[in-house]
Every structure is written in C-alpha cells, then in structure tokens.
2 protein chains.
Amino acid sequence: MTTQTIATLGLDEVLIAAETAFESWSAVPSAGRARHLEAMAAAMEVHADELIQLAIAETHLPFARLRGELTRTVFQLRFFAEELRGGRFVDARIDHSDPEWPMGAPRPDLRRMLLPLGPVLVFAASNFPFAFSVGGGDTASALAAGCPVIVKAHHGHPELSARTAAIFLDALEESGAPAGVLALIHGTETGIQALKDPRIQAGAFTGGIPGGRALFDIAQQRDVPIPFFAEMGSNNPVFVTPGAAAERPAALAEGYLAAVTGSAGQLCTKPGTLFVPAGSQIIEHVRTAELPSATRLLTERIEAGYSREVAELADHRKVRVLSGNIPSESAGPTPLILATDIAAVLENPDLFLAERFGPFSLVVEYEDMNQLLMVARRLDGQLTATVQATDQCDVHQLLRVLAGKAGRVLWNSWPTGVSVTHAQQHGGPYPASTAVQTTSVGTAAIQRFLRPVALQGFPDHLLPPELKDSNPFEVPRHLG
Amino acid sequence: MTTQTIATLGLDEVLIAAETAFESWSAVPSAGRARHLEAMAAAMEVHADELIQLAIAETHLPFARLRGELTRTVFQLRFFAEELRGGRFVDARIDHSDPEWPMGAPRPDLRRMLLPLGPVLVFAASNFPFAFSVGGGDTASALAAGCPVIVKAHHGHPELSARTAAIFLDALEESGAPAGVLALIHGTETGIQALKDPRIQAGAFTGGIPGGRALFDIAQQRDVPIPFFAEMGSNNPVFVTPGAAAERPAALAEGYLAAVTGSAGQLCTKPGTLFVPAGSQIIEHVRTAELPSATRLLTERIEAGYSREVAELADHRKVRVLSGNIPSESAGPTPLILATDIAAVLENPDLFLAERFGPFSLVVEYEDMNQLLMVARRLDGQLTATVQATDQCDVHQLLRVLAGKAGRVLWNSWPTGVSVTHAQQHGGPYPASTAVQTTSVGTAAIQRFLRPVALQGFPDHLLPPELKDSNPFEVPRHLG
C-alpha cells in the first residue's frame, strides 16, 4: 500500500484489511515480527530529515527536540524487536501432568502463553509527533504483540502522519510483512466509528482527560467491551524537603524551570506543582531566573486553552505571579510560574492540582512535612510524583503515599524525559490512565495487547514452539 | 472481629475498616501474608465437616463434590501462600543507570515491581460455595496481592458464607493479621453501593452474563473507573473429529455425559455443545445411556431458569430429544440431551450456542470439517473449547480458530475440573470474561489485583526489599 491507496481506502476496507492481516501477522514468528519492526526503524532513520522538517512546520517544536524524539522512536522500534527475540513477553508457563497434585485431583498437562488480541486502534498524541504518534510506543508495542494497528492521526500534524505512514508501509511491504498490518485514518468521527467496530479488539490513546474518558466510555459500552488504554492527565507534583531546599536551592530552581519550560511545557510529565518550604531560597531563584520567551504551542486550541487556564488561576486571590508573564493575545503563550501557599491548595486541591498543559507551573509554600502528607493523600492518580530530599530526610511515609498515587516515583531527579527501558512505568491510577495496571512506555507495554491462552493435554506436534518441550527458541519459561 | 460484629457493622464501617487495613496489610511482607493465608487454610480444614454440612443444606450439592471442593479451596489458599514466598508475582525489574543508553539520553536507575491496588470487592458465586465464594480464588488471590477483601455473599448460601467468614476472621485474628482485612456483606443493593464507593479499587465476580455485565458497567461508569473481573458465561463447545468418533465412540459418550451431568451441570465449564459426525455411533451411545435422575439445583431461580430455557429449546422444530426428559413441575429439573444438525446452529448460533446452566447439553451433527470451522468462527468468547481427535486428524486450523475464541483449549480431555496451577487460564474473550487479559484460577490470578510502580533514582535504603541490590528475599528479577 502506498500513500495514495491509504488516502482512498474507506474505513470499512481498512478494517477488513486489518482483520485479514491479523491471521497472517499473528502467525509470523516473533523473530520475523522483529525484522519488520527493524525495517520500520531503518526507514524512519533514512527519512529523518524530511520527517523532522514536516514536524517543525506542523508542531512548532524545535529541531533539537524533534531530532531527539525521532532517535528515541527509532530506538524504541528496535528495542521492541530485541524484546521479541528474547521471548520473555509471552510469559510461557508449563505445568507437566502430575497424578499426585495435592488439589485432590491429578494435574493435567497445562501450557500457557500470551497471544495477540487482534486489530488495535491507536489514537496518536499531539505532543510527540514521532514517539506517541504513527510509529510511536503504542504502535510499536501492538505490532510487536502480533496485532495489526490502525492509527488515527492527530489533527495537529496530519501531513507528517501521512508521510510517516507511507514510509512505514513501504518499508513493511519491502520487508515482506502482510498487507494491512498498519493503516492510517483521519478525523475524530472516523476514529469513533472505528472504535465501535467489533473488529477492533483494543484501543490506545495519549492525550487529555475529556477526550480519553469519552473514548474509554465508548470502548466499555460496546456490546463487546474492549481494553482501552488511555494515558491522560497528570500534575506530576514535586515535593522538596527542607533539607534539600537548604542544600541546593539554586540547582533545584534551575532543574525545575528546565523541566517546566522544556518543549514549552507540553510534556505529560511536566512538573505542575513544586512544594517548597515557606521562605525557601528556591523561591527567590525562581523569581529572578530568566524564562524563555513565548513560543508557539502545538495547536491553536492548545494555545487558547493554555492562556485561558493560567490567566484564570493567576486571578485567584491567593495566587501571585512569581516569574514570567500572564499570557495575552499580544504576548502569546508566555511561560508563567505562579505561587501560593499550601493552605489554599488543601482548600481546593481540584483547582490547584489540575494539569495545565504548557509552560506553566505553580510553586506552593508549606510549613511542615505533615502538610505534604495531607496534600499527597488528596492527590488524584499521577503519572509521576517526585521527592527532592537528602539522605537525612525522613520521607518514608511520604514515599509510601506517593507510591499509592503515581505510576513512577522519583528521587532527586525530574520526571520529564521518560526513558524507554524494561523497568519503566508510564501510567498510573485514574485519571493518569484508564488502565492502572499497564504502562504505555517500556517493554512491558507489549502486555497491553496480549491475552493468555492455556493449552491442555496437547501433543507436542500441535504445540506452538514456545511451549514445546524442546523449546526451540529458548524462551524463558516457568516450569511448575 | 467475630460473626456477631460482622452482622452489626454497617457498610460504611466495613469500607473504613478495609481502607485502614490496606495500609497495614499491604505493608505485611509477602511471607507474612503467606502465613495468614495458611492460617485460613488450616481453619477451613478444621471446620470442614461443619462447613460441608451447611453447604449441603443450602446448595443441595452432594457430600463428595463438596468435600472435593473444600480440599481444592484449602489447597488454593496454600498454593497462593507458596507463590507469595517465591516472589515471582511482583515481576521485579531492575534497569541500572546507563550513561550510554542508545535512546539518545542516559538511562536512569529504574526499578519496577507490582504493588497491591487497594480494597477489593468480591461477588461470590452460587455454584462453588467454597472455591468461588468467601475464601475462594478471588479472595485468596486478592489477599495474596496485599488487598483487603470485602465479600458480597451469594444469596444461595448465606449461612455458610457467614460461618466461613467467621472462621476465617478468627483465624486471621489469631495469626495476627490486621483487623478489617476480610469482611462479609449481604444483599445485591449493598453490593452495588460498595462497588460505587471510591474506596473500592477493584471488583471480581463469578456468575451469569446479565449480573456480571451490570456490575461491570457500574464499575466502568464510576468517576474513577476500576478494573472489574467478571467471569460470566461459556458454552464450552466440544468438537469431535471423524477419526475420534470412529475410534472411541463409547468412551466419548461416557466422558461427555459425565461432564454434562456432574454437579448437575452447574459448572461454568460444562460442555454445552458436542459436535459429532452425522450418524456417529456416539449418538446411539448417548441415546441409550442412563442419565442421573432429577436433582435439586442450587437455587429455585436456577431451577426455574433451567426448566424454562431447555423446554424452550426442545420446542424448536429442528430439535429432537436424544436422552433424558424435558423438565416439568412434576419431574423437576431433569437432565436432558437434545440434538440438532449443524445447519440449524449456523442459522442461529446465538440461540443454539447460548449457555444453559444445569444438566443440559446439545449434540450437533455435522457433515464435514469445514462446517466445524464455520461454527468455530461464529463462536462468542469462551472459557474453554475442546477438540476430541486422533493424532492423524488435521485440526491445525480448527485449533487456531479456537485459541482465538477461548481462554483454554483442550485436547482429548474434558473441560470440567479446572486445575489450580501456574499455567491455568480460566477466563477468555467476552462474554466469558469482562477482562480477557486475566484469569480467575491459578497463580496468575494474583496479577489482577496488582499495579506496577517504577522507582527512579532511589537510594538503596529507601527501596523495598524486592528491589534492593542485595535482594534479601531472593525474588526472581529481570535485570535490563
């Protein structure tokens, strides 16, 4: 399929192609799927310059950031390929038959592994035109799992999406992947129609809470509900202990502002709140720091939303401007740091701890550690929560509360820059995600698109290679 | 807490107790939770005679079956305890920091493990008053995960439920478990109220589709949706190839009828349909076999539903009685085997392949293997699908289709008698389960009540033991 044929295919044809592709794609051995992912990675690299130029034009993100994101996306495809070759992702378990099984009845021969769910619908994000878009983590992990993918392009970068898809489709065709394993669709209504279609077996989304929840609801209200993995909103609070504030106020202010203003604050792990001891020198460092000037945000809707939301908060009687300027039509979406005290936050946590997408953050002064515990207990689910402390600080209880609220808890680091690794967890309790038990970054993301199947009493010649006694691919297995 | 205090606690007090217990129960090391599960197992064994007598009175199930089920339930508690000591269930992953990480940015130190979700609400089943009730698989796996459990008793065995809970509560108190870790509530409305409560973090259910779906919908429509693991309905079709039908017709008829009539057909894995070659000797064996006489079913509602549903199907013009009698008010809920041909089934699969709970099954005659493939492709999600064949039969394609439809696929065995093992999979695509990616039987069932958390950059003294470099509990870990 070429760019042209994508544009001319109707939704039903795309769905038919995905359903047909599922039979062949899920039958491609893992090592074969790995080669196809690597072909996608190589093609993206070959076309990097062209893709980055398209991305700059459509997203206003700077070259260096997009170059880094493309490198990350290419790496991610290869990393999933490597995971496929390892075979751990199928979670193979073998229980040989056991006539003496203490359950009271003989244990049959039972062998279990994870199989792909079926065609997956991916809703691309605005803020990562490579890493969470056509060939991003959702697509890579679903393809790795053995599921065909239909990507609903984000309206913020339609041409980049189309070109990326075309490059991938050519690469997949050339490497001999089944037709229909990847497709691109456009438009919210088309996306919703696809989500309601019984051929779609799972959905993934990265974006804001209203959109994510609406799609989640559609997925759950189908005659046959399907897993819907929406990564949505996060405030990503950072808690600075008195010890850390005294030890390294300048470095904390600098790290904080870099995390808030990087990519113009358009990261889902941007620290939305910084809790500092009242009167800490950090405040003065933040106040006097030079913030970047206003820059275009991803879309006009995001710019308008940003300006409205932060101007509203700046108007609150308990809030003062600490650094930067309140956005206006003439100034554009300027970076802004507001400040308040913890009593105000505890009075109205929903207002103060909401996510505000863009180069904004709130500094909150507190008096004692108990207040931090109180606010931590009031938090909604988060992608991340960070503690900046020293080894001498007693933060056990705070860390424990935060581990109950966030998918990732950080110590003396900043939450932006989500590393693609085996132990990464990018997700969290609602509303950080609609699927608290999963991650959308890292190799564990493949598990979202798999389901367990047990085979009982099978003769060896009918078992898949991963479950044969001979274990020809040498996958790691649990023998019970 | 004793039986008396359970009865007098209001729902809000139960929820408060569960929330409070979560802090302490989740902090009990895995080996400690294992000891408490073993205390529950021992107490159940001590009180076996009393409990079985109560169960006989309330469920009409026979002694031998209940004795076996209790043994299974006791084993299950101990099996989860053993799994806790192994530590594999936390899926520990450690990525040490790596300045040369090829993603384009250094990899931080990231360590990930699974933590408990929070208080869990379990809706007990009618048909397994031990194994899927107060101390059954859902309760055992949620407690193992570190979650307090509130069990909504099944109305079919309220006294058994209360007595079982009291025995467990005494055992837990004696073994030093935190108060509030287990509670029992009664009544549908109370159960729904609990499910809507923000303190409940997950739900589990075993029963029929209407009830399971209604509860699933409530769980998904909360302000904060939660995972809801409903194991619901299954037809459990069995496909007999011409080779098998020719080789062992008597044995197949015998195994089939035993699986259909055992526990009066009140098993979620009872074979609801047997596909046999047209004119097979199996049919004659089934026709002439002696079926058990009518027996009381679990509840009056189940008896009425059974009689109505099978009488309706028997009335269908394409259906004939093969063995047994059509239930009536005078005869009671008699075992019944009906027969039809595959053309009728393909014309109306929803009618013929629905689950009918009780000692009923349908024999379907087919002409060729293609028809089996056609019907397999039309199947809804199933807990099990079975192929009875010989090594010479070419059933690759049929097995492949069935693996896409069922959580467990069996070869030359019968689906009843779900073994509690590591590789067991009891679940399947909707409507077999609302959570296709999980199992409600076997050690993997623990994963339903856990969520991943990554810790980034933590100093060793703040890491949980499972993630410390020293690995004091020697849990299996993935080092990236």
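Predicted model: local features only at pLDDT ≥ 70, side-chain atom pairs only at ≥ 80, totals over all residues.
In which helix is the place of Pro158(A)? Pro158(A) sits in helix α7 of chain A, which covers residues 158–174.

**Around Pro158(A)**

- Setting aside neighbours within four places in sequence, Pro158(A) is in contact with Glu58(A) and His186(A).
- Leu54(A) is 104 residues away from Pro158(A) in sequence, yet their C-alpha atoms are 9.7 Å apart in space.

**The five-stranded sheet of chain A**

- Chain A has an open sheet of five strands with parallel pairing, in the order β5-β4-β3-β6-β7.
- Its edge strands are β5 (182–185) and β7 (228–231) of chain A, each of which pairs on one side only.
- On average, neighbouring strands here are turned by 15° against each other, direction ignored.
- Strand β4 of chain A (residues 149–152) runs parallel to β5(A), and four bridges join the two; Val149(A) has Leu182(A) as its bridge partner in β5(A).
- Helix α8 of chain A (residues 188–196) lies across β3 (120–123), β4, β5 and β7 of chain A, and runs at about 150° to β3(A).

**The five-stranded sheet of chain B**

- In chain B, five strands form an open sheet with parallel pairing, and the order reads β5-β4-β3-β6-β7.
- The edges are taken by β5 (182–185) and β7 (228–231) of chain B; each has a single partner strand, so one side of each lacks a neighbour in the sheet.
- Strand β4 of chain B (residues 149–152) is joined to β5(B) by four bridges, and the two run parallel; here Lys152(B) stands opposite Ile185(B) in β5(B).
- Helix α6 of chain B (residues 137–145) packs on the sheet, where it touches β3 (120–123), β4, β5 and β6 of chain B, and its direction makes about 170° with that of β4(B).

**Strand β1 of chain A, covered on both faces**

- In a regular strand, side chains alternate between the two faces of the sheet.
- Strand β1 of chain A (residues 92–95) is covered on both faces: Ala92(A) and Ile94(A) are buried on one side, and Arg93(A) and Asp95(A) are buried on the other.
- β1(A) pairs in the parallel sense with strand β16 of chain A (residues 477–479) over three bridges, and it runs antiparallel to strand β2 of chain A (residues 110–116), again with three bridges.
- Arg93(A) has a bridge partner in each of these strands: His478(A) in β16(A) and Arg112(A) in β2(A).

**Helix α17 of chain B**

- Within helix α17 of chain B (residues 396–403), the buried residues include Leu398(B), Leu399(B), Val401(B), Leu402(B) and Ala403(B).
- Their cover draws on both chains, including β2 and β15 (450–456) of chain A and β8 (238–240), α16 (369–378), β13 (382–388) and β14 (406–411) of chain B.

**The second largest pocket**

- The second largest pocket holds about 1300 Å³ of space.
- Its lining has 46 residues, and those nearest its centre are Gly207(B), Gly208(B), Ile209(B), Pro210(B) and Gly211(B).
- At least two lining residues come from each of α8 (188–196), β6 (202–206), α9 (209–221), α13 (300–314) and α15 (349–352) of chain B.
- By type, the lining of this pocket divides into 20 nonpolar, 16 polar and ten charged residues.

Methods: Residues numbered from 1 in each chain as written. Chains lettered and ligands numbered in written order. Heavy atoms only, no water. Pairing = 2+ DSSP bridges. Axes fitted to C-alpha atoms, helices over the stretch in contact; angles between N-to-C directions. Contact = heavy atoms within 4.5 Å. 1 Å grid on protein atoms, 1.4 Å probe; cavity = no way out; pocket = protein on both sides within 12 Å on 5 of 7 lines; lining within 4 Å. Points joined across faces, edges and corners; volume = space filled by probe spheres on them. Nonpolar A, V, L, I, M, F, W, Y, C, P; charged D, E, K, R; others polar. Buried < 20%, exposed > 50% of the residue type's maximum accessible area, 1.4 Å probe, protein only.
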